[in-house]
Amino acid sequence: MLLKQAPAVIVQVKDHGDSDKIVTLYTLDEGKISAIAKGAKRSKKRFVNKLELFSLLNVSYAPGRTTSLARLDQAELITNYPSLHQNYGQYVAASLLCELVLFWTREHDREDELFQLLTWALEGLAMGVTSAQLIIFFHVKMLEILGFRPLLNGCGNCGTLAPQAAPYRFSPMRNGLICGQCEHAPSGPGLEVSMQTIQLLRKVQELDICKLPRLHFSKAAILESIALLKRYDSHLLQRELQSWNYLQQLL
Amino acid sequence: MNVVPPALARLIADLGRLPGIGKKTATRLAIHIMRRPASEAQSLSRSLGELHGAIRLCGKCFAFSETNPCVICSDSGRNRQLVCVVEGPGDLMAIEKTGAFRGTYHILHGALSPMDGIGPDEIKIEALVSRVRKDKVVEVLIATSSTVPGEATAAYLIKRLQEETPAAVTRLACGIPMGMDIKYADELTLSRAIESRKNTCD
């Protein structure tokens, strides 16, 4: 069978039986795929040190004939981002990046930009960029790429974005903001967000990723943004992403 | 038509739940048990039945044991000031098999894995820190696996133990396996071996 080759990031690894592993990869060419690595747990040559979480690899794989599970044939390690294993905060943040990709994407749904964004974020984390801020940048940009950009340019009801209309609340059900004056409109449980956080998140939406590190979030803005993104995830995915809780404990 | 007697089918289903055992192996094992004398099957069933009643966790190191403290923790010949931290009971057995370690153990029962909902509170980290403080442990040897969760757990433990206890914290060396030709070692292992090189005068 013809083998496919692609650069890929490992976003999940599970043991399968005594000697195999099932890895979920986010590839440049095919988006998210799951592949079985036969004998990976005992392999001393082919897969040793390579099939670890966060690793960036060049993989060769044979697509599954009857199922969506591919068979991993070879893997060449590009980098394993060693510093992400040696610092608990960075490890938690990188785990959250992988969990976001794992649950926000569908198999075989190619998104080149998301692959670039993921490697950019992992590199940034490995270089020591503030974890929480990087998670916010990644999450906002990921939502944009996947077509779930929240509307932060004004109240979803009256369209205004002005300090006089504060406090603003973020409503996942309305996919955006609702101002203090329109709050009586039925919008489900909202989350209060300050004007400063709204402006910062809008800036993240507008700026190119190479310019994002210039932005600085205050502690309060980080806490608000993370609460907002976590709530948005829970609403749209209908599940809790485990790593959010550990990241919040570190803030 | 079901040709397998219900009692045998139940046994096959039970054996099939064990790790690494598929339906074929479970059937082979069940037929083997049935062919052997009844006393052997009764002995097996007694051992299984008594397992949970007889075995508990050692209150000190959290190893599976019939006594509390376990055989290793109550052995006076062991160095109680030296504690080796491992992820699971299988790791303890592997280290014990070497015969090279004469200290005591601490089993974490897992490794940090935020994606699976395993944080510091879900494994026996708090118990380790208080044990090191209370028992005035001199050295803690971190022997978690060289996987990403194992390394992250080690990093977390090293930081906490250095901040909160006076004990010296060491990490299991990582390098080339015995009998391996250097040119066949992968880059990562080889670079780790170079980093952890040892002064031959020591």
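**Figure 1. The buried residue A:T197 in helix α4 of chain A.** In this predicted model, A:T197 has a relative accessibility of 0% and therefore counts as buried (buried means under 20% relative accessible area, exposed over 50%, and partly exposed in between, with a 1.4 Å probe and protein chains only). A:T197 belongs to helix α4 of chain A, residues 195-206 (helices, H or I of at least four residues, and strands, E of at least two, are DSSP runs numbered from the N terminus). Apart from neighbours within four places in sequence, A:T197 is in contact with A:A221, A:E224 and A:S225 (contact means heavy atoms within 4.5 Å). This is a predicted model in which local features need pLDDT of at least 70 and side-chain atom pairs count only at pLDDT 80 or more, while totals for chains, interfaces and linings use all residues. Residues are numbered from 1 along each chain as its sequence is written, chains are lettered from A and ligands numbered from 1 in the order in which they are written, and side-chain values use heavy atoms, with hydrogens and water left out.

Figure 2. Most residues other than glycine have a negative phi. A:Y81, although not a glycine, has a positive phi of about 45°. This residue lies in the loop that runs between β5 (69-79) and α1 (88-104) of chain A. With a relative accessible area of 4%, A:Y81 is buried. A:N175 is not a glycine either, and its phi is positive at about 60°. The loop between β7 (168-171) and β8 (176-178) of chain A holds A:N175. Is A:N175 buried or exposed, or partly exposed? Its relative accessibility is 25%, so A:N175 counts as partly exposed.

Figure 3. Chain A is assigned a domain 1 of residues 1-80 and a domain 2 of residues 86-251 (the bounds come from an automatic or database domain assignment). The C-alpha centres of these two domains of chain A are 30 Å apart. Domain 1 of chain A contributes 19 residues to the contact, and domain 2 of chain A contributes 20 residues. About 1,700 Å² is buried between domain 1 and domain 2 of chain A, with 67% given by carbon and sulfur atoms (buried area is the accessible area, 1.4 Å probe, that two parts lose on being put together, summed over both). On the side of domain 1 of chain A, the residues that lose the most area to domain 2 are A:Y26, A:K32 and A:F54, together 41% of what that side buries.

Figure 4. On the domain 1 side, β1 (4-16), β2 (20-27) and β3 (31-37) of chain A each give two or more residues. Of the elements on this side, β1(A) gives the most, with six residues.

**Figure 5. The interface of chain B and chain A.** Here 22 residues of chain B are in contact with 23 residues of chain A. The two chains bury about 1,800 Å² between them, 64% of it on carbon and sulfur atoms. In chain B, the residues B:P114, B:M115 and B:V148 lose the most area to chain A, together 41% of what that side buries. The rule finds one salt bridge across the interface of chain B and chain A. The side chains of B:D116 and A:K14 meet in a salt bridge at 3.4 Å, N to O. On the side of chain B that touches chain A, α6 (148-164) and α7 (187-195) of chain B each supply at least two residues.

**Figure 6. The cis peptide bond at B:P69.** Most peptide bonds are trans. The bond from B:N68 to B:P69 is cis, with omega near 5°. B:P69 is placed in the loop between β2 (64-65) and β3 (79-86) of chain B.

Key: A salt bridge is a side-chain nitrogen of Lys or Arg within 4 Å of a carboxyl oxygen of Asp or Glu.
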